[in-house]
Amino acid sequence: MRALIDDQEEKLENGPGQEPQPEDSAAGGGESQEEAAEDWEDDWDDLEERMADNLAHIKAQTSRRAEGPAQDQEESRPQNQEESEPQDQEEESESQEEVWEETAAGEDLEKEPSGEPQGDSQEGGAEEAVEMDVPPVFGKITAEGQEDFPEDKEKPLPIPLKERLKRSGERIKAAWLTLKDRLVNWYEGTSHLEEGQDELSAYRTKIWLNRRKTIIRRTGIVIGVLLAFFVVKTVIDHWHYGSYEVLSSSAKEGSSSRYLEVDGNLLRYSADGVSLMDGKETTLWTDTYDMTSPAVDVCQGTVAVYDQRGSQISVYNSQGRLGSISAEYPILKVRVAQQGVVAAMLEDGENTWLNVYSASGEKLVASKTRVDSPGYPISFDLSDDGMLMAVSYLYVEGSSSTTRLVFYNFGSVGQNQTDNIVKETEYPDQIIPEVAYLDSSTALVFRDDGFSIYTGPQIPDESRTVEIEGEIVSAFWDESNIGVILHSQDEESKYTLRLYGTNGRIKFEEDFAIEYSTAKISGDNILLYNDSQLCVYSMKGVERFCETIDEGEIQDVFKVDSNRYIAVLSTGIATFKLK
């Protein structure tokens, strides 16, 4: 570039065919030529600097645009060409620099005026050169396969779904391999095996790593077994059986025989005797009596068979007879405790007696009641140990009625109280139709609008009260669960089954449509059945089975074990399992 400027100055000073001027004019002309040469030199220096900046800018821009393809070419280039790459790149960059300099010099010569230079036009040309984004020489780069980037470039096409899934799969695979390597390194303890350890330290480290591996393996086995157990249990709990298989059946013994579940066994009773059979229908014991209308009450494996409107009571357990009792008046209802104590409600004209007897027939307590004082006994029950008795009396005065809940204690605490009464509560304008003891110290009291829980081994106190909206159609319970059936609010279902715990909290609520006649808890199942259909629910509200039994009319059903049941039918007894 500098040589070009010197040639231009030479032409101005010693141009060919130039005639010598007179001295004055030569002096004047020499002065103007020197000034013009200085202006040209300044302008060209300024233009040279601007062109250098422009070229540097274009080089940087071209390098950035070619960086992507260059990296791809480097990855695909063979290994043996890596050493020759720097030299080729230097030669290529030098050749490109020569092309840029020649092109810039050519453009400068084309823009050089034939007459005197004008600073405005030169400065304008320089400014245009600076503002130019890509000179024409870069058309060669585009022609050689480099991508041109115009401002109005179209957006790239979207990546196909298959390609995106493939890339996602590759990323997931890479992440999994990385995680796997880290887990293996952690399990093997690679980070603890440092280089430069002496032999003793390395040996101790290996012993410690082996112990850690053993602990990890055992912990993994325990977690795996527990996880498998919970998975299997969950599947079993939520399994629905669609049919059943009859394992055995036997004809019914006598048309008047009735059957009842007693602590996992089957009690058969009739007007002339009673017997107990196990789940395999093997007879455990048999006893005879003479009753007109036998009825039964059961408490934790102890049975009291009594003659309604008669006077005979017989007490049994799993081993056989415990004793017999003769009542003074006709028997209305009997409740038995686990150790054989019996409470009997007897009818004596306008009076009603609540007497308590031992299993051997000894009268322990005699309590006379009237409608006006303390009221008519609707329901009563004994605690499992026979020390407490709860009674609900209905007292009517005029047009209003009141229910009195009275607790009796037959132990040392109650002996110091009038008529052994240790607790008395009134419920105005309400009826308590059912009272039941769940164990030796917990009593369940059903009201019109819900139920209450009373607890206490000596003097019971109300610990829980539950309000229930809607009419209670039926209720059932065991030692730790309280079930109620209500009319459903759902148009597709007729009833709602709700199960509570003794703490008053709802365990589950489930709608059903079967027209049931009996609801009960047997084992760890809730059974709903009528003459022909049986539905089985788990204690979590899962319907396990709901089908028609074809072998005969259902009189009673109870669970034996797992998915095996015994059904008392009009034709006999059938043992079946669900499948």
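Is glutamate 509 buried or partly exposed? In this predicted model, glutamate 509 has a relative accessibility of 44%, so it counts as partly exposed. Its salt-bridge partner is arginine 498, and the closest N and O atoms of the two are 3.0 Å apart. Arginine 498 lies in strand 24 and glutamate 509 in strand 25, so the pair ties together parts that are 11 residues apart in sequence. Arginine 498 itself is buried, with a relative accessible area of 14%.

Let's look at other pairs of this kind. The whole structure holds 15 salt bridges. One of them joins glutamate 261 to lysine 520, with 3.8 Å between the closest N and O atoms. This pair links distant parts of the chain, since glutamate 261 sits in strand 2 and lysine 520 in strand 26, 259 residues apart. Lysine 520 is buried, at 16% relative accessible area. Glu261 and Lys520 also belong to a network of salt bridges that includes Asp556.

Now turn to strand 13. Its lysine 363 meets glutamate 328 in a salt bridge of 2.5 Å, N to O. Glutamate 328 lies in the loop between strand 9 and strand 10, so this pair ties together parts that are 35 residues apart in sequence. For example, asparagine 355 has alanine 366 in strand 13 as its bridge partner. The hairpin of these strands has 5 residues between them, and there glycine 361 takes a positive phi near 110°.

Finally, find helix 6, which has 28 residues and reaches 40 Å from its first C-alpha to its last. Just after helix 6 comes glycine 189, with a positive phi of about 70°.

Key:
Residues numbered from 1 in each chain as written. Predicted model: local features only at pLDDT ≥ 70, side-chain atom pairs only at ≥ 80, totals over all residues. Heavy atoms only, no water. Pairing = 2+ DSSP bridges. Helix = DSSP H or I, 4+ residues; strand = E, 2+ residues; numbered from the N terminus. Expected span 1.5 Å × (residues − 1). Salt bridge = Lys/Arg side-chain N within 4 Å of Asp/Glu carboxyl O. Buried < 20%, exposed > 50% of the residue type's maximum accessible area, 1.4 Å probe, protein only.
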